[in-house]
Amino acid sequence: MSDVLAMGGYGNYVWISCALFLFVLLLDAIAPLLRRRQLLTRLRGQFRRQQGRRNTP
Amino acid sequence: MNFLTLWFHKMGSPPTFYRVAGHLLPWLYVVTLALGAWGMYDGLFQAPADYQQGDSYRIMFVHVPCAWMSLFAYGFMALNGFIALVWRIKLSEVLAMASAPVGAAFTFITLVTGSLWGKPMWGTWWTWDARLTSELVLLFLYLGVLGLYNAIEDKRQAARAAAFLALIGVVNVPIVHFSVQWWNTLHQGSTVRLFGPSHIDASMLTPLLLMAAATHLYFFASLLARSRVALIELESGKDWVRQLVQSSASNAGEIFEERGNV
């Protein structure tokens, strides 16, 4: 097992590369989810305010 | 209208695109993860070590697919930018701008993993070789497109300006691709060819192609996810967004609702 992890002495280079690949793509996948949540919260407030304005004479 | 034109018209309409993309996304993520896991396992543990580079060559299984995607995403962005500029199709503007961040991410991964591969094999983290330099220029082009898009308030105008910049930058794509042939570079030439035999053993080609498929699918998943958010923002005055926001309030946003009323 440790032989496989050592990657013939290149373990650090190989594993850091893979970790970076996964990490950057994970951030890329999360970014639109967060943005969507922020946007929906903002729009919800905006629509409610508009609704309120319409309801008061 | 024939079937194809009709299909384009339908898909070009934001609410339809939003809905269809929403149905596709989970499947894209699942298949991406499955192919990626298979490719990574195959590449890291099953494929034999290289006779010259030992195990360090395994960086290839993330480096090369990302490098392909950095060019593919740029081509996709430029193509949609062209359509957006010529025919003023809103969805094309959105698609062009949504491919910029994921393209930049792939370019960044390519540069850093390349550096991590270069250190043990060439003895240096970085060198101003034609392939490396043109790939760095590609990253700056992506960042330029993103910066320009975010700098302009009116998002439709911003998308057109950024699409124009993307179109100018497209000259860099063949330069990146052919740099290893046009100049005498430290970076090795291509071993995988679309036309003609590849100079790579099948045991190494299989995981590479699996990773290539996974990164392509990931690109489209990220593209659709970003486009959907961009469409909500762009169309926030429209009825379909109003309905969407209201229905999301009833199931997901209850905690926020409570807090908002206090």
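This is a predicted model: local features need pLDDT of at least 70, side-chain atom pairs count only at pLDDT 80 or more; totals for chains, interfaces and linings use all residues.
## Chain B at a glance

Let's start with chain B, which is built from ten helices and zero strands. Read from one end of the sequence to the other, chain B goes α-α-α-α-α-α-α-α-α-α. Its C-alpha trace spans about 65 × 50 × 40 Å along the principal axes.

Of the 262 residues in chain B, 37% are buried. If you look at contacts in chain B between residues at least 6 apart in sequence, 76% of them join residues at least 24 apart.

## The nonpolar core

The largest nonpolar core has 70 residues, and the members that touch the most others are Ile59(B), Ala73(B), Met77(B), Ala96(B) and Met97(B). The top contributor is α8(B), with 17 residues.

## How α8(B) packs inside its own chain

The axes of α2(B) and α8(B) are 7 Å apart and the packing angle is about 155°. An angle over 145 degrees counts as roughly antiparallel, so that is how α2(B) and α8(B) lie relative to each other. Their crossing is left-handed. In the contact of α2(B) with α8(B) you'll find 23 nonpolar residues, seven polar and two charged.

Next up is α3(B), which packs against α8(B) at an angle of about 40°, with 9 Å between the axes. The two helices, α3(B) and α8(B), are therefore oblique to each other, and their crossing is right-handed. On the α3(B) side, the residues that meet α8(B) are Met60(B), Phe61(B), Val62(B), Val64(B), Pro65(B), Cys66(B), Trp68(B), Met69(B), Phe72(B) and Ala73(B). Facing them from α8(B) are Pro207(B), Leu208(B), Met211(B), Ala212(B), Thr215(B), His216(B) and Phe219(B). By class, this contact of α3(B) with α8(B) has 15 nonpolar residues, two polar and no charged. Ala73(B) turns up here in α3(B), and it is also among the core residues that touch the most other members.

## Where chain A meets chain B

The contact between the chains takes 25 residues from chain A and 36 residues from chain B. On the chain A side, α2(A) gives the most, with 21 residues.

From α2(A) the contact uses Leu25(A), Asp28(A), Ala29(A), Pro32(A), Arg35(A), Arg36(A) and Leu39(A). From α8(B) come Tyr218(B), Ser222(B), Ala225(B), Arg226(B), Val229(B), Ile232(B) and Glu233(B). Sorted by class, the contact of α2(A) with α8(B) has eight nonpolar residues, one polar and five charged.

## A few loop residues

Most residues other than glycine have a negative phi. Met7(A), though not a glycine, has a positive phi of about 55°. Met7(A) sits in the loop between α1 (2-6) and α2 of chain A, and with 19 other C-beta atoms within 10 Å it is partly exposed.

Arg88(B) is another non-glycine with a positive phi of about 55°. You'll find Arg88(B) in the loop between α3 and α4 of chain B, where it counts as exposed because it has 11 C-beta neighbours inside 10 Å.

Finally, Asp154(B) lies in the loop between α5 and α6 of chain B. It has 9 C-beta neighbours inside 10 Å, so Asp154(B) counts as exposed. Its C-alpha atom is separated by 20 Å from that of Met77(B), which is 77 residues away along the chain. Met77(B) itself is one of the core residues that touch the most other members.

How values were computed:
Residues are numbered from 1 along each chain as its sequence is written. Chains are lettered from A and ligands numbered from 1 in the order in which they are written. A nonpolar core is a set of buried Ala, Val, Leu, Ile, Met, Phe, Trp, Tyr and Cys residues joined through C-beta atoms within 7 Å. A residue is buried if 20 or more other C-beta atoms lie within 10 Å of its own, exposed if 12 or fewer, and partly exposed in between; C-beta atoms are placed from the backbone. Helices (H or I, at least four residues) and strands (E, at least two) are DSSP runs, numbered from the N terminus. Two residues are in contact if their C-beta atoms, placed from the backbone, lie within 7 Å. Axes are lines fitted to C-alpha atoms, for helices over the stretch in contact, and angles run from 0 to 180 degrees between N-to-C directions. Angles under 35 degrees count as roughly parallel, over 145 as roughly antiparallel, 65 to 115 as roughly perpendicular and the rest as oblique. A crossing is left-handed if the near helix is turned anticlockwise from the far one by less than a right angle, and right-handed if clockwise. Ala, Val, Leu, Ile, Met, Phe, Trp, Tyr, Cys and Pro count as nonpolar, Asp, Glu, Lys and Arg as charged, and the others, Gly among them, as polar.
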